[in-house]
Protein chains: 2
Amino acid sequence: MAASKRLNSLDWSFLAGETRESMMHVGGLMTFVPPDDAPADFLRQLMDEVRADTNVQSPWNLKLRHPDLLTHPLQSWVEDRNFDVEYHVRRSALPTPGDERELGILVSRLHSHNLDFHRPPWEVHFIEGLEGGRFAIYFKVHHALVDGYTGIKILSRSMSHTAEARDTPLFYLIPPPPRPPRTRKEDPAPTLEALWQGVQGQLDVSRSAVNALMAVIRSARKQDHQLVAPMQAPLSPLNQKISRNRRFATQQFPVERLKRVARAGGGTLNDVVLALCAGSLRRFLDEQGSLPAQPLTAMLPVNVRPKDDPGGGNAVGAILASLATDEPGAVQRLQAIIESTGHAKEQLQGMSKNAIMQFSQMLMAPMLLSMLPGAAGRVRPAFNVAISNVPGPENPLYFRGFRLDSYFPLSIPFKGYALNITVVSYAQTLNFGFIGCRDALPHLQRLAVYSREALEDLEAALGLEPAGEA
Amino acid sequence: MAASKRLNSLDWSFLAGETRESMMHVGGLMTFVPPDDAPADFLRQLMDEVRADTNVQSPWNLKLRHPDLLTHPLQSWVEDRNFDVEYHVRRSALPTPGDERELGILVSRLHSHNLDFHRPPWEVHFIEGLEGGRFAIYFKVHHALVDGYTGIKILSRSMSHTAEARDTPLFYLIPPPPRPPRTRKEDPAPTLEALWQGVQGQLDVSRSAVNALMAVIRSARKQDHQLVAPMQAPLSPLNQKISRNRRFATQQFPVERLKRVARAGGGTLNDVVLALCAGSLRRFLDEQGSLPAQPLTAMLPVNVRPKDDPGGGNAVGAILASLATDEPGAVQRLQAIIESTGHAKEQLQGMSKNAIMQFSQMLMAPMLLSMLPGAAGRVRPAFNVAISNVPGPENPLYFRGFRLDSYFPLSIPFKGYALNITVVSYAQTLNFGFIGCRDALPHLQRLAVYSREALEDLEAALGLEPAGEA
């Protein structure tokens, strides 16, 4: 029986935005620590298993009906009857010494290749040769098929909470749950996806997105919008054309270490996350002589309680926060960030749900615009960088006895937004994924190093004892 | 000083032919055997050296002036002032066990990615993790920048004839020779490139290629051409649309082993090469129930002596040969091939140089047509597969003490021509590179295995002693 599934307008917009340079796939990088009794040829055995069972489940068996015209008006997902499992599931290896640097280089390369729309648009790479007997999984999937946050949830479901379970199935062999398991009302996660989904209702991207977006922009320019106009972001190397190639860097911290800073300095965990990004970006841009005099601004998705929601539930809104990169002092910078995010959230909380969405839409408009063909470059950036802090699995996960050690997200750089920072929490750690354009940001990996230094600077300035190795 | 170089019309035609599915890059795979005193971190040291010296020489520093419109009327090569050496020169590693199969999988993947036209269109990959302490070099280059045969010559120049030389430079750091070293009149090598170059004079591809080619086709169809019309090739899985993904397989034989067969069976070394391809293709297609009743035909470039050349020099022409795949007997198949190539070459030798070119042009027209946008699928294939047998370096070569063990070419599959077989001779071996579309030819690697079996069948049928391991 041929499955066929229409795309919703959000999915459609990710196809419409796909170009050779702005690729709309998201990804994740997971590293695993072996159990004492790990077989030396674990990944080879796994590949034998991959070849033996090709009963791939939805949505992993779906491909586009019109792969050569992504914006085809009758675009839909259809089952791939020639599913070629060895195309989608691959083994790779790291050159010596198999350290984080080599892993970053390999994953940067893999993330730079566009997906093949003539097949289900996803790939998984089992990567061997990491130091310490570890291995890694890198996966990528087009945002039109699965968003990053759902990807995390699906991958979590395919892992176990105990080291003893050795029969954990491969994620693409797990049938989708019969219906969404909404037993209780949950707050939405503050992801870019949730934001996009929210503003989608206002826009109807599939029909006249450009017109609707341009109306928002014009309104903001004329200052006649009833809400606060986006801050004017300074020009910076973060906001330029992007090429098709990527650089990726990672950093992991214990949650407790950042919480200690939040307790000493005031503010939330998220404020400290922003302060680390800010300290890192300040040094990064300063070193190349391109630190703007005005502070950089970040756009971030947040959970807010609208004033008119009868159920008392939360909504996801977008705020702009100053990163206070003009401020040399680490503590002063953190204070400025706390003040900025506090003010922005307060403003949002005074709004109705509808107004939150209109406001978020306005803030995100330049990024949405940059996804539409021909629209890029017509508008100034309203912010410099998108930073997301997304909740991930709370407890340690295992894949056949191998402990999941880290989970690093790879989000989407856009035209005009050459850097994306996404942070995922996992088992009392925060995992930073810095993804950017190879040419716009030639030394991107330094951002990961400098974020650690920013944390050390903050700890020192706040008079905290130096922390042990994260 | 800005270098700028116009493209000749042949180079231009390779840009015009570039699509996501039909990529016009060629490549080579070289494996190296270590000396006894090889440093364990040889490739890491090499990468340090790569990063230290970025004085890249022409043509390796040239990129297109109009990368977003390959067929731009003012297209030219310009110097890349931001040359990013670590983009072009890369380290990779093989998963365990690091055998030929894993090497084939990695190189198939690397060859499936299109080149970035915003940079000089070439890449080199140093591949570690091969069995026996060996390493490999895979390189790819767009045919518009360097053709495969020239690529072989340039790489040979960057190697040494002795194991003692340890200062062999990297090929892209060697300045181009001041002028072509034509000290004596050499026969042209019978390559696809030489053929293309030859027919180019007749066509002027850059101006009205479609019209000129269609005239040739119409003439062939009406049977009013004074030369023999192309044989009607049977339909086969080799002649279908291709996807963007490749499979690559390799095989190496001692030249002497094939010569022994040629002596016993009659015919030339090239006839035996064709017989191995024929035996392999017969079994390959038969196993999937798609062996045509009519014999497959191959198009091959050959050296011929035109009747009117006053200097007595050779020209490169194209012939069609039957692969006699309808013939079950190995010796009978070889005999039929010998007869077919003999007849075709005889015919060519009776022609003037001009007529040879017209004839070759006619035979190659469908392949040339398939390179032009919009033209594919309008013509039946005039042959089933292109097979080239190209002379390579005669004596063993070394790179810093590592002995070059094999050199496998990767040529271009086209729309309608899903398989290409190219053979390069090197130091008394013949190196077969089978490159094809991953989807049209799902088990392509069997062709390499079956070519060895075809040789064993021929040896047995001719009553020759079994040969030792090649």
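How much area do chain B and chain A bury between them? The answer is about 2,500 Å², with 31% of it on carbon and sulfur atoms; buried area here is the accessible area (1.4 Å probe) that two parts lose on being put together, summed over both. Keep in mind that this is a predicted model, where local features need pLDDT of at least 70, side-chain atom pairs count only at pLDDT 80 or more, and totals for chains, interfaces and linings use all residues. Residues are numbered from 1 along each chain as its sequence is written, chains are lettered from A and ligands numbered from 1 in the order in which they are written, and side-chain values use heavy atoms, leaving out hydrogens and water.

**Where the chains meet**

- On chain B, 31 residues are in contact (heavy atoms within 4.5 Å) with 31 residues of chain A.
- Nine salt bridges are counted between chain B and chain A; each is a side-chain nitrogen of Lys or Arg within 4 Å of a carboxyl oxygen of Asp or Glu.
- A:Arg119 and B:Asp439 join their side chains in a salt bridge, at 2.5 Å from N to O.

**Salt bridges overall**

- Over all chains, the whole structure has 43 salt bridges.
- The side chains of A:Asp405 and A:Arg134 form a salt bridge too, at 4.0 Å from N to O.
- A:Asp405 sits in strand β13 (residues 402-410) of chain A and A:Arg134 in the loop between β6 (122-128) and β7 (135-142), so this pair ties together parts that are 271 residues apart in sequence.

- Helices (H or I, at least four residues) and strands (E, at least two) are DSSP runs, numbered from the N terminus.
- Axes are lines fitted to C-alpha atoms, for helices over the stretch in contact, and angles run from 0 to 180 degrees between N-to-C directions.
- α8(A) (residues 255-265) packs against α12(A) (residues 445-461) at about 40°, with the axes 10 Å apart.
- That makes α8(A) and α12(A) oblique to each other (under 35 degrees is roughly parallel, over 145 roughly antiparallel, 65 to 115 roughly perpendicular, and the rest oblique).
- Among the residues making this contact are A:Arg257 and A:Leu258 of α8(A), and A:Arg452 and A:Leu455 of α12(A).
- The contact of α8(A) with α12(A) has four nonpolar, no polar and five charged residues (Ala, Val, Leu, Ile, Met, Phe, Trp, Tyr, Cys and Pro count as nonpolar, Asp, Glu, Lys and Arg as charged, and the others, Gly among them, as polar).
- With α9(A) (residues 269-287), the axes of α8(A) come within 9 Å and cross at roughly 95°, so α8(A) is roughly perpendicular to α9(A).
- The contact of α8(A) with α9(A) has eight nonpolar, no polar and one charged residue.
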